[in-house]
Amino acid sequence: MARTTPTRTKRRNTVPVHTRARDAHKTPKRPKKPKGLDILGVGVIIAVVLVVLLTIAVPLRNYYNGQSEIARLESSIAAKQEHKDKLLAEIDKYRSDEYIKQEARRRFGVMDEGETAFRIMDPRMDSGDTVTSEHREDIDEREWYTVLWDSVAESE
């Protein structure tokens with residue numbers, strides 16, 4: 001065993017002669033320079049960036065469109081709610097007995113029991129005038145275009 005150990009160490013530390021001779025005839029290799037980006041590399045990078053931007057742009061556009069639609073609908077809902085509140089207040093007003101009495105007095109001249117109605121006549125009014133007129137008296141015999149021209153031509 002002792003003999004095999006020195007021969008192994010000797011082999012490890014020495015280079016065979018035939019390899020030295022072969023290495024001497026070879027031309028030394030130049031170290032490779034790192035190449036800069038050529039046009040193809042730049043084109044690939046630009047294409048990848050564009051694909052990524054398009055991939056991100058479409059969902060972002062959809063998101064912002066959705067947000068603006070939500071804001072528009074919320075303002076519409078608020079306006080509808082305000083209109084609903086006004087209508088509910090008006091319904092409550094019509095349910096009030098006091099409002100019904102007030103409108104009956106104003107529109108129809110209805111009075112409560114024990115009240116006396118007074119009508120004040122203006123002395124400047126002529127009692128001979130009728131409130132209504134017969135429609136037959138007001139028929140205009142002129143042509144339609146004459147009536148139209150006179151309505152436009154007369155200044156008030």
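Q: What does the accessible surface of the chain come to, and how much belongs to carbon and sulfur atoms?
A: About 16,400 Å², with 59% belonging to carbon and sulfur atoms. Areas come from the Shrake-Rupley method with a 1.4 Å probe, and for residues only the protein chains shown count as cover.

Q: Where do these coordinates come from, and how are residues numbered?
A: This is a predicted model; local features need pLDDT of at least 70, side-chain atom pairs count only at pLDDT 80 or more, and totals for chains, interfaces and linings use all residues. Residues are numbered from 1 along each chain as its sequence is written, and side-chain values use heavy atoms, with hydrogens and water left out.

Q: How many of the chain's residues are buried, as a percentage?
A: Buried residues are 2% of the 156 in the chain. Buried means under 20% relative accessible area, exposed over 50%, partly exposed in between (1.4 Å probe, protein chains only).

Q: How many helices and strands?
A: There are 5 helices and 0 strands. Both are DSSP runs numbered from the N terminus: helices are H or I, at least four residues, and strands are E, at least two.

Q: Which residues carry the transmembrane annotation?
A: Residues 39–60, according to an unreviewed UniProt entry. UniProt positions use the numbering here, feature names are shortened, and annotations may be inferred rather than shown by experiment. In the model, residues 39–60 are 100% helix, with end C-alpha atoms 31 Å apart.

Q: And the coiled-coil region, where is that?
A: The unreviewed UniProt entry puts the coiled-coil region at residues 70–97. That span is 96% helix, and its end C-alpha atoms lie 43 Å apart.

Q: New topic: what span should α4 have?
A: Helix α4 has 12 residues (97–108), so at 1.5 Å a residue it should span 16 Å. The expected span is 1.5 Å times one less than the number of residues. The end C-alpha atoms of α4 are 16 Å apart, which agrees.

Q: What caps the N-terminal end of α4, and what follows the helix?
A: Ser 96 is the cap, with a side-chain oxygen 3.4 Å from the backbone nitrogen of Glu 98. Gly 109 follows α4, with a positive phi near 75 degrees.

How values were computed: Polar contact = N/O pair within 3.5 Å; in protein donor to acceptor, adjacent residues only side chain to side chain.
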